[in-house]
Amino acid sequence: MADKIYYPNPEIVKRSHCSSMEQYREMHRKSIEDPVKFWSEIAKQFYWETPAIEDKYFTYNFNVDKGDVFIKWMEGATTNISFNLLDKAVKSGHGDKIAFYWEGNDPEDYSRLTYKKLLEETCRFANVLKSKGITKGDRVVIYMPNILEQPIAMLACTRIGAVHSVVFAGYSSDSLAERILDSKAKVLITADGVWRGEKLLLLKNICDEALEKVKKQDYQIECCIVVSHLRRLNNPQGRMNGVNGTSNGDTELTNVSWDNDRDVWWHDEMEDAEPSCYPVWLAAEDPLFILYTSGSTGKPKGLLHTTAGYMIFAATTFKYVFDYHPGDVYFCTADIGWITGHTYVVYGPLGCGATSVLFEGVPFYPDKDRFWKIVDKYKVTQFYTAPTAIRSLMKFNDDYVTRNSLSTLKVLGSVGEPINTEAWLWYYNIVGHGKCSISDTFFQTETGGHVITPLPGCTPMKPGSATFPFFGVLPELLDEDGHIVEGEGEGYLVFRQPWPGMMRTLYGNHKRFQSAYFERFKGYYCTGDGAKRDADGYLWVTGRIDDMLNVSGHLMSTAEVENVLAEHSSVAEAAVVSKKHTVKGECLYCFITPSDGKTFDEKLQIELKKRVRERIGAFAQPDVIQHAPALPKTRSGKIMRRMLRKIAAGEEDVGDTTTLADETVIKLLLELRPKV
C-alpha cells in the first residue's frame with residue numbers, strides 16, 4: 001500500500017496555485033538556478049521602506065574551510081513584519097476580516113479577533129513595551145498558552161524591533177531560567193495559568209521559580225507582564241473583545257504570588273495605551289526571534305531567525321503548501337511555542353491575510369472528537385497536525401470522526417516526524433473522505449519553514465513520503481564519507497544552498513552554529529536526519545541519525561521498523577529504540593500501544609516479530625517488545641525517545657519530565673518493563 005500513488009482531487013487541482021508537476025518543476029528549477037530573480041519577484045508582494053541592493057541580494061558561505069559560515073538575503077532592504085501582516089491588510093480594506101478564531105480549552109470559551117483589532121492591540125502592547133524601556137534589539141521572553149495575547153505580544157515585539165523568544169509553556173522553571181539567562185531578556189510575558197483538559201497549570205508560579213533561579217545567577221529581568229487568563233469572567237478589564245467564558249474559571253485556583261516592584265497585569269497596562277504605534281523599520285538581516293531547541297544533552301541552542309527572509313519564506317510556504325485562497329479557514333493544532341506555531345500559526349497565515357483557528361486545548365477534552373467538532377464549527381478547509389496526534393485518535397472508534405461532517409476540508413497536513421503508512425491512510429480515508437490532499441511536511445526549527453513537501457494541487461502522493469523539495473531548496477543525500485548518493489539510495493539528508501527562511505546563527509555562539517551544522521560535511525547544511533530516495537525520485541525522511549540502529553552491521557532507521565509494526569491491526573502506536581547488545585552491538589527494543597479493545601499478549605508479540613522479519617529482514621527482528629498503554633509525549637505530541645532509550649536500558653532516572661503531557665507514563669512503563 002505504501003507504494004500506491006494517490007493523485008490530487010481534480011477539484012483541488014482546478015483552484016491550485018501550482019496545478020501540475022510540470023509547473024512545479026519549472027518553478028523549482030528557476031528558484032535554484034536564479035534564486036535572486038525568483039525571490040525578488042515574490043518580495044514585490046510586501047512593503048519595503050527601502051529596497052535591497054541589487055548586487056547584494058543573496059550572498060552566503062556554507063564551507064567552513066573558506067571562512068565563517070554566513071547567509072544574507074536582501075541586504076540594504078528595510079521593512080517591518082507587523083506592518084506587512086497587519087497595516088497592509090487594514091489599508092487594503094480587510095480590517096473587518098477575522099484574523100483568528102480563538103477556541104479555548106472549554107468549548108464554551110471562544111473569541112475572535114479581526115485584523116483591525118489585532119493591529120490596534122499590537123500597537124497598544126508595543127507602546128506598553130516601550131513604556132518599560134524596551135527598544136530595538138532588546139530580548140523579550142514569552143511564556144504563554146495559546147491565547148490571543150500571545151501573537152499580539154510577538155507582533156508587538158516586531159513592531160518596535162525587539163527580539164522575542166517564545167518558551168513553550170510546558171517547560172520547567174529550570175528550562176525557562178536557562179533561556180532567560182542565555183538571551184539576557186529584559187521583560188517576561190506570561191499568564192496566571194491555563195487549563196489543559198482537566199489539568200491546571202499555574203504558569204505565573206513557574207515563572208516566579210524561574211526568576212528566583214535567574215536572581216541566583218546575578219541577573220534580573222526588569223518587568224513581568226501577566227495576562228489574567230483564568231479570571232477573565234471575573235475581571236472585565238482583562239477580557240479580549242468577544243470572549244464568552246473561561247474554562248474552569250474558579251478564582252480560588254488562580255491565586256498567584258506577586259512582586260509589586262516587578263509584576264504588572266496586562267489589562268492594567270493596556271487600559272491607557274495608545275492604539276497606534278509607528279513601526280520601526282528594520283534591516284533585512286536584523287534579528288526577528290530566538291527559538292531554543294530543547295536539546296537532549298547539553299545547553300539548548302538558541303536558533304536566531306532574521307526579518308526579511310523569514311517573512312517572505314513563511315508566507316510563501318504557507319500559500320503553496322496549504323494552497324491557501326481567500327475565504328479559506330485554516331486550523332493548525334500546534335503550540336505557538338514551537339517553530340510550527342511560529343511559522344504556521346502566526347507569521348505564515350497572517351502574511352497571506354488568512355483566517356486561522358487558534359486552539360488552546362487538547363484533542364481529547366471534553367471528548368475525543370474535539371478536533372473534528374472545531375473543523376465543523378469554523379468550516380475549516382486546511383487542517384494541520386502531528387502524526388502522534390493522528391495515531392492517538394486512530395485508537396478510538398472511527399465514529400468519533402464520522403459523526404462530524406468534515407465536508408469543508410480540502411488539505412490535510414502532517415508535521416513533526418515521518419508519518420507511518422497506516423496513519424496516513426486513516427487520515428486520508430477517514431478524516432479526508434479520500435478527497436483531500438495530504439501535505440506531509442518536513443522542516444526543522446533551523447529551516448524556518450517547509451523544505452520538503454507535496455503541493456496539494458500537483459504532487460502525486462505516496463503514503464509516508466515527504467516527496468519533493470520546496471522552491472529554493474536543494475537537497476542531497478550523502479554517504480558516511482560525504483559522497484553524493486545518486487538516484488535510488490539512502491544517506492544523510494543535507495542541503496547545498498540556503499533559502500530565505502533558514503536560521504542565521506545560534507544566539508551568541510556562532511562557533512557552535514558552525515560545528516553543529518556545517519563541520520560534518522563541508523559545503524553543506526547537515527540536518528541530522530537520514531533520508532532515502534526511491535526509484536521515482538521521492539524523498540522519504542527516515543528520522544534522526546541518532547535514531548538509526550546498527551544491528552550486526554545492518555544500518556536501519558527506527559521509523560522504518562515503527563512503520564511496519566504500526567500496520568498491524570492490533571497496534572495503535574509503536575516506538576522503537578536501540579538497546580545495547582553484547583553480540584549484535586545494538587538490538588531493537590519496541591514499545592507497543594494496542595488498539596482500543598485489543599490485547600497485548602504473547603501471540604501479538606510473535607506476530608509482530610514475524611512481520612518485521614518478513615518485511616525488513618531477520619536481522620531486524622526485535623529482541624524485546626514491551627506493552628506501553630501510553631507513550632511519553634510532550635504536549636505538542638512529540639514522542640520523547642531519549643526517555644524510552646533510558647527505560648529500555650533499565651535506568652529509572654530518565655531526566656527532566658516536566659515537558660511531558662503525562663509524567664505518570666514513565667513510572668508505568670518502568671513497571672511494565674520485561675526483566676531482560
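Which residues have the most contacts inside the largest nonpolar core? Before I reply, note that this is a predicted model, in which local features need pLDDT of at least 70 and side-chain atom pairs count only at pLDDT 80 or more, while totals for chains, interfaces and linings use all residues. Residues are numbered from 1 along each chain as its sequence is written, and side-chain values use heavy atoms, with hydrogens and water left out.

The residues in question are Met 74, Phe 125, Leu 129, Ile 180, Ile 189 and Tyr 347, in a core of 146 residues. A nonpolar core here is a set of buried Ala, Val, Leu, Ile, Met, Phe, Trp, Tyr and Cys residues joined through side-chain atoms within 4.5 Å; buried means under 20% relative accessible area, exposed over 50%, and partly exposed in between, with a 1.4 Å probe and protein chains only. Helix H10 supplies the largest share of this core, 10 residues. Helices are DSSP runs (H or I, at least four residues), numbered from the N terminus.

Beyond its neighbours within four places in sequence, Leu 129 has contacts (heavy atoms within 4.5 Å) with Ile 134, Ala 156, Cys 157, Ile 160, Val 187, Ile 189 and Ile 225. A second, separate core has 32 residues, including Tyr 101, Ala 389, Ile 390 and Ile 419.

I turn to the second largest pocket, whose volume is about 710 Å³. A pocket is an open set of points on a 1 Å grid over the protein atoms alone, where a 1.4 Å probe fits, with protein on both sides within 12 Å along at least five of seven lines; lining residues have an atom within 4 Å of a point. The volume is the space filled by probe spheres set on the points, which are joined across faces, edges and corners. Of its 30 lining residues, Gln 45, Phe 46, Lys 319, Gly 351 and Cys 352 are the closest to the centre. Helix H4 gives the most to this lining, six residues.

Ser 82 lies in H4 and counts as buried, at 0% relative accessibility.

Finally, the cysteines: how many disulfides are there? The count is zero, a disulfide being a pair of cysteine sulfur atoms within 2.5 Å. For Cys 277, the nearest cysteine sulfur, that of Cys 123, is 5.6 Å away. Cys 277 is buried, at 6% relative accessible area. For Cys 352, the nearest, that of Cys 332, is 14 Å away.

Terms used:
Helices (H or I, at least four residues) and strands (E, at least two) are DSSP runs, numbered from the N terminus.
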